Amino acid sequence: MLDIRVEKTTNPKMKPAEDDPLTFGTIFTDHMFVMDYEEGKGWHDARIVPFQDLKLSPAAMVFHYGQEMFEGLKAYRSKDGRVLLFRPDKNIERGNNSNDRLCIPRIDPDDFLDALKAVVKIDADWIPTRPGTSLYIRPFVIATDPFLGVRPSHTYQFIIIMSPSGPYYPEGLDPVKIWIEDEYVRAVRGGIGYAKTGGNYCASLKSQVKAHDAGYSQVLWLDGVERKYIEEVGAMNIFFKINGTVVTPMLNGSILPGVTRDSVLALCKLWGMPAEERKISVDELEEAARSGALEEVFGSGTAAVISPVNELRFGDDVMKIGDGNIGPVSQKLYDTITGIQLGEIEGPAGWSVEV
Ligand code: COI
């Protein structure tokens, strides 16, 4: 059991009202978890303290070379009052895979889980209960050495903050329009595409602005080598239902291995629904859209859950999906995943972890 020192706030903040629809990631709870790392000493001084600004040297390496990893998961309150995390082991495993890629020291998985549970427990009253809301949890590690040379830092901080949140997209469960990017790329194989780190998101901003200006919510990336194969959306993985089969790009090193992506594939398998992880070219997609074989498109992500897509645009080719509304498979996946997250549907073993 991780030994965590607790300093409670003496100045609790106003919580959002029960009926506040909430947006994503703007309000933060009363407390945060912090743990330090020093070479030779390892991870130490685990503590929960009032939510506060950080004190860092302006030379801290994270500001200059972006050595950081982050994760995203959610806590829910079930109708019978339990506090539930959805598959936290997957976030912990991915967090440590990102750490490895970024030369950040691994965090003991049991300590990671203890930290998550402890900080969620202390601010459990912040978990919103209105449908479509949850407590979004953002664990992250930053490199803190005050040094301007390029090398892995010798010191780090692991921090967990939490935000009562509504849907990631203002559209909620209404379908979004997505822009397929043909100018810039997000990641290449051998790079850091599979790691959850700020640089991947920073690389996406220029295209995101371009897509927004053209009236699209998000960018769908093509592979960085041939600029031909579908990769992911950045804030979510992408799925297509083509001729009755659910298809998603296979993991190739430049795609983020999403926890919701994995859950979608596991549910399809459980339901006996054909599902494939494979290469999908943008040509195949355009052809499927032309022939009517492209039945549904949806994104999957922790923040986005299941997000239906009703339009894809590639250059001048505008692909309209289905009748413009959420498709039946997308709806069933959304209902099942949120049902499991809220403890209303029994999911596969280990998917719901009680705090
Ligand atoms: C998440 O879904 O948790 C993410 O980290 C995506 C982020 C862009 C909000």
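The lining of the largest pocket comprises 15 nonpolar, 12 polar and six charged residues. Here Ala, Val, Leu, Ile, Met, Phe, Trp, Tyr, Cys and Pro count as nonpolar, Asp, Glu, Lys and Arg as charged, and the others, Gly among them, as polar. This is a predicted model, in which local features need pLDDT of at least 70 and side-chain atom pairs count only at pLDDT 80 or more, while totals for chains, interfaces and linings use all residues. Residues are numbered from 1 along each chain as its sequence is written, and side-chain values use heavy atoms, with hydrogens and water left out.

A pocket is an open set of points on a 1 Å grid over the protein atoms alone, where a 1.4 Å probe fits, with protein on both sides within 12 Å along at least five of seven lines; lining residues have an atom within 4 Å of a point. Domain 1 (5–166) and domain 2 (176–341) each supply at least three residues to the lining of the largest pocket; these bounds come from an automatic or database domain assignment.

The second largest pocket is lined by 25 residues, and G132, T133, V305, Y334 and T338 are the closest to its centre. By class, 13 residues of this lining are nonpolar, 10 polar and two charged. Why does the second largest pocket lie between domain 1 and domain 2? Both domains give residues to its lining, so the second largest pocket lies between them.

Turning to one residue, F158 is in contact (heavy atoms within 4.5 Å) with residues including F33, W43, F112 and F140, leaving aside its neighbours within four places in sequence.
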